[in-house]
Every structure is written in structure tokens, then in C-alpha cells.
Amino acid sequence: MTSCDISIIGAGVVGCAIAHELAAKYRDKSLRIIVLEKHAEVGEESSGRNSGVLHSGIHERPHSLKARLAREGSALALSYALQNRIPHLKTGMIIAISSSDIRRGLWREASSLCRLWLNAWKTNIRVTLVTPSRLRVWEPNLHAACGIFIPSVSVIDSYALVQSLRSAAEANGVEFAFNNQVIGIDPGATGYLLTTDRQKLFAACLINAAGVYADEIAALAMPANKYTIHPVRGEYYEVVTPEKKNLLRRLVYPALPPHAVGKGIHFGPRPNGQVFLGPNTVPVKDKGDYTSEKTPPSVFVEAWQKFLPALEERDLRWAYSGIRACARSGNSDGKGDFIISADCEDPPLVNLIGIESPGLSAALAIARRVSGMACLERRFRPSG
């Protein structure tokens, strides 16, 4: 039977970032770190099925983990991308109110901009109020009355980021065991006996970064079913008409009311030149349901024609969807925060629950937070 010091379940961007961070931190101790992944490759679920946006945290509740780690992690990810030549695009983000909504008297969007501006002020995010005249200069094709601009926001090739983190972790000795789905976890006095569909593995420390399945992994490791993840599908359509792809140069998000789920269907250019609309928000029962009852393109066109009247259904082609790991809360907006919890101090068990958007943005900051947890520091005290 294989034994290791640390086992990480899940080879998405968060799992790979944690593996990279721990391997670098404990390089002198030569810890054996094994990442278990049920798929054949890294980033096969949410990490490779998202918008690639490195968020500022402005959409989140001020001082929440989501807000703080998104801001910290985005800066780390951008620095990492520059150092490792990962494709990225520094577009900035416009959050806009359409001219038609103002004409129809829908002032709640304006109040949403005020709320976001206040979030930015509370968390020291640099933003600029963009007037209609400035918007016309920046984005002549955008029909917007006003908006706010966040210059720090970038778009990254998320799959390239995950692959790079995996390679960096492997260079420091981390082992990846693909096609290994965890089906059983038996806690013991000195660690955890993990059973996959291919092998048994003993780990002195267990880190659960299983994304949308993290609640199920936690239930295997703990006697009480403490967590519940509600899967939400976000769908994307690609803008395929060449002249329509160049209508906007920046990320543009709609201003949404405070109780809205998600950040809204946005216009998103990517580093490779592709342009997408999405994601929407579709609750699903099956965590692997990426394609049933697809939302028709007319819904996306309807959401965006008020900003881009030239956009038509024939300009769009179904691209892909992703499943977000939503953990609801009792807050008034129903939005859950990230849960990063040491549910057992000895032997260490760390559960990461509800790591949805802005999880990609926050991944490197999450990794730093996990590596600094007291239970890990005590167990694997770094030399020096």
C-alpha cells in the first residue's frame, strides 16, 4: 500500500495551486505529496470550464473570504502568468447600465453601481466612474448610459494556468495519480486510509479540493454530513461572426440587482482571440449535467441586444458549460462564502467547500492560506 505525507483530492486549479505551494514550502523536508484525480487530466471540470476572468472581488461582500482572496489571488495569478508566459489579456472590466434600461426607468441598476462603488471603496479597489461620453470613446458600439471601470481585471488562459501549476508542482516532487476516484475514506489516529477505484493509499494529512464534489468527499471523511453543495450550470455561447467579435475590446458585465445569483451574462474576449457570451445561471440536480436542456441562444441575444443591438442569434454558436460549486448561506443575498476549514486538527483534514467563482482568481491565495493553517504548520514545521 502506498503511503504519503499529504494527499490532495482534486487536480483543478485550487488542488494544483495547493500542491505547488506546499511542495515549494516544504522542499527541504522532502514530503511526499500525492494528488488524486478521478479524471485523466488536470482541470477537467470547473477549472477548465469558466470565463478565465481574474476578478477584483468587487461583486462579493466586502471583507468576505471571496473578496479578499480574489483580490490577493488575482495579483498573484497575473504575476505568475507574466513569469511563466501564460497567455493573458489585460482588458479591464466595465460594469455597465444600458441606455434602454435608464429610459424605461429601471433605476435599480444604478443603485447596483452605487453598491459596487461602495464595495470598491471599502476594499480599496481602484475604480473609475465612466461617463456616457467616455464610454462612447472607449467602446463606440456599446449602448450604455454609464458604468464603472476596474482597470486591474485581466483574462487568463485558465487551462494553461492549471497545466503550469501541475508542471511546477511535479518539478518539486509532487505525484499526480489520475483516473483515481476516491470511493472511501477511513480516518485513523495517525492519518487517513483512502480507497480509490484503483488502489489504497495512506495519507498523514488530507486536503479536500474536490470542487463540486467536495461535499461528498467531506462526508466520506467525517461522520456527520456537514456540507451541501448546490450545483449551478453556467453556459457559454461563442461569438463566431468575424465582424461582431470586434464590437467590444474590453470585458463588459451588466449591472445586476444585489440579490442576483452570479455576475450576469457578460461579453468576454479571450487571450486567443475568441469572444464569448456567458455564463448564465441554471440550477441542476446532476453535478455532471453539462448539456441537457441547453438554454437557447435567443436568451443570450435578448440579454445583450440592449448593449449591442447589432448582435443576432446567427452570430452565436454553443461553446461549453461549467458547473459551479455553490454553497448557500443564511445571508440576505443567499450567497455563500468560501469555506476553508480544518475539520480535524490531528491528523489534519482540510475541507475546501463552495469554491465557486471567483475560485480561479483566488486559487493562489487559497493555496497560501491552506499552507499557513496551524494544523499543517504543527505537523510539517518548515525548517528555518
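## Cysteines, cores and aromatic rings

Let's start with a cysteine: Cys4 is buried, at a relative accessible area of 8% (buried is under 20%, exposed over 50% and partly exposed in between, using a 1.4 Å probe and protein chains only). Keep in mind that this is a predicted model, where local features need pLDDT of at least 70 and side-chain atom pairs count only at pLDDT 80 or more, while totals for chains, interfaces and linings use all residues. Residues are numbered from 1 along each chain as its sequence is written, and side-chain values use heavy atoms, with hydrogens and water left out.

**Cysteines**

- Searching the whole structure turns up 0 disulfides (cysteine sulfur pairs within 2.5 Å).
- Cys4 is in no disulfide, and its nearest cysteine sulfur belongs to Cys205, 8.8 Å away.
- Cys16 has no disulfide either, with the sulfur of Cys4 as the nearest one at 16 Å.
- Cys16 is buried too, at 0% relative accessibility.

**Nonpolar cores**

- The largest nonpolar core has 54 residues, and Ile207, Leu352 and Ile366 have the most contacts inside it (a core is a set of buried Ala, Val, Leu, Ile, Met, Phe, Trp, Tyr and Cys residues joined through side-chain atoms within 4.5 Å).
- A second, separate core has 30 residues, including Val212 and Tyr290.

**Aromatic pairs**

- The whole structure holds 9 aromatic pairs (Phe, Tyr or Trp rings, the six-membered one for Trp, with centres within 6.5 Å; planes under 30 degrees apart are stacked, over 60 edge-to-face, the rest tilted).
- Tyr237 and Trp318 pair edge-to-face, at 5.5 Å centre to centre and 85° between the planes.
- This pair links distant parts of the chain, with Tyr237 in strand 13 and Trp318 in strand 18, 81 residues apart (strands are DSSP E runs of at least two residues, helices H or I runs of at least four, numbered from the N terminus).
- Tyr237 is buried at 5% relative accessibility, whereas Trp318 is partly exposed at 21%.
- Phe276 and Tyr320 also pair edge-to-face, at 5.7 Å and 70°.
- Together with Tyr236, Phe276 and Tyr320 make up one aromatic cluster.
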